[in-house]
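Here are my notes on this model, point by point. Please read them with the structure open.

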Amino acid sequence: MVSNTVKNAIRISFAVSVVSFLIKFTGYLVTGSNAVLSDMAESVVHLLAVGFSMYGVYLSMKPPDEEHPYGHERIEFLAVGAEGSVIIIAGVTIIYQSIRHMVLGLQPENLEEGIMVVAAAGLVNLALGTYLMYTGKSSKNNIIIGNARHTLTDVWTSGGVILTLVLIRWTNFTLLDSLVAIAVAFYIMYEGYNLVRFAYRGIMDERDEDQDRRIREVLENRLPSEIRSWHGLRHRTAGRTTWVELHVLFDKDIRLEEAHDVGTELERRIMTSVEGDAVVTLHLEPEQTHEDAHEKLKGTYENNAIDKMM
Ligand SMILES: [Zn+2]
Ligand SMILES: [Zn+2]
Ligand SMILES: [Zn+2]
């Protein structure tokens, strides 16, 4: 039920974004303004983002299967990284175009019509962004909330472009068109940089500090008393799933059945503390002899970086 709401929101977002892109494209054809072009590029960026999130939502909703036992959520990093790269290229293109216009002394025209058209696109995006923010918050879906934020920042860019056209109309300072376009281009590239950074962190399994705090809170304050100590905690998050693994030490004479019960209780506590879903894998060890037993593994790794990690 929730997933249908999410899917619908993304479909609506995509359709409405196409409309606002076409409106802005018309504005660009009418005015030849670089500022309007950069605003249009923002819409293209948004369309790409929605396209990738549709793909991401579709894939991450697919349950794990025989070929992909860890699920399909990590594809998000590739999609977001590709999107970020495209955005950076778009920014570079706008800067090139603006400098070219300044050098050749080209000027925007039909400013009144341009202002009306961009304003129309801005209103469409304002309505869309408000709707997405409402849907995203009520369904607690980060993809939709991200989408909503993006749509609402598009409204700000449109506002800035309208202001630019109004100022040019009043002051006839036509250079402002390319200057604003370059400023928007830098903003677009900054957005692209953030997406690439997100993708890089995800692919490198960078530790999620919030999840780390939640897991350690359980281990430090709510560890079942039968567990003497723990070590080797590792976790990584992709999409809505966090994979957690750690070693827990019991007295060597505890019965396997009891150790398993206690271990499962610890798993449950971690699962309910982590945001989203968690898959917890425990490695049970006897307190007195686990180091001797692990001696057998020393030097078995070809990559000694892994040896140091264990
Ligand atoms: Zn261990
Ligand atoms: Zn079990
Ligand atoms: Zn062990």
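This is a predicted model: local features need pLDDT of at least 70, side-chain atom pairs count only at pLDDT 80 or more; totals for chains, interfaces and linings use all residues.

1. His294 is one of the ligands of a metal site. The zinc ion (ligand 3) is held by His283 through NE2, by Glu285 through OE and by His294 through NE2. The distances run from 1.8 to 2.2 Å. Along the sequence, the donor residues follow the spacing H-x1-E-x8-H.

2. Glutamate 285 has 4% relative accessibility, so it counts as buried; the cut-off is under 20%.

3. Next, a helix pair. Helix H5 covers residues 142-171 and helix H6 covers residues 175-203. Their axes come within 10 Å and cross at roughly 165°. H5 and H6 are therefore roughly antiparallel to each other, since an angle over 145 degrees falls in that class. The crossing of H5 past H6 is right-handed.

4. Which residues make the contact of H5 with H6? On the H5 side they are His150, Thr153, Thr157, Thr164, Leu167 and Ile168. On the H6 side they are Leu176, Asp177, Val180, Val184, Tyr187 and Glu191. By type, the contact residues comprise six nonpolar, four polar and two charged.

5. Asparagine 172 sits in the loop between H5 and H6. Its phi is positive, about 65°, although the residue is not a glycine. Asparagine 172 counts as exposed, because its relative accessibility is 62% and the cut-off is over 50%.

6. With a relative accessible area of 39%, asparagine 110 is partly exposed.

7. Valine 30 belongs to helix H1 (residues 2-31). Neighbours within four places in sequence aside, its contacts are Glu109, Asn110 and Glu113. Valine 30 has a relative accessible area of 26% and is partly exposed.

8. One distance for orientation: the C-alpha atoms of valine 30 and arginine 149 are separated by 29 Å. Along the chain, these two residues are 119 residues apart.

Technical notes. Residues are numbered from 1 along each chain as its sequence is written. Chains are lettered from A and ligands numbered from 1 in the order in which they are written. Side-chain values use heavy atoms; hydrogens and water are left out. Donors are N, O and S atoms within 2.8 Å of the metal (3.2 Å for Na, K and Ca); water is not among the atoms, so sites may look incomplete. Buried means under 20% relative accessible area, exposed over 50%, partly exposed in between (1.4 Å probe, protein chains only). Axes are lines fitted to C-alpha atoms, for helices over the stretch in contact, and angles run from 0 to 180 degrees between N-to-C directions. Helices (H or I, at least four residues) and strands (E, at least two) are DSSP runs, numbered from the N terminus. Angles under 35 degrees count as roughly parallel, over 145 as roughly antiparallel, 65 to 115 as roughly perpendicular and the rest as oblique. A crossing is left-handed if the near helix is turned anticlockwise from the far one by less than a right angle, and right-handed if clockwise. Contact means heavy atoms within 4.5 Å. Ala, Val, Leu, Ile, Met, Phe, Trp, Tyr, Cys and Pro count as nonpolar, Asp, Glu, Lys and Arg as charged, and the others, Gly among them, as polar.
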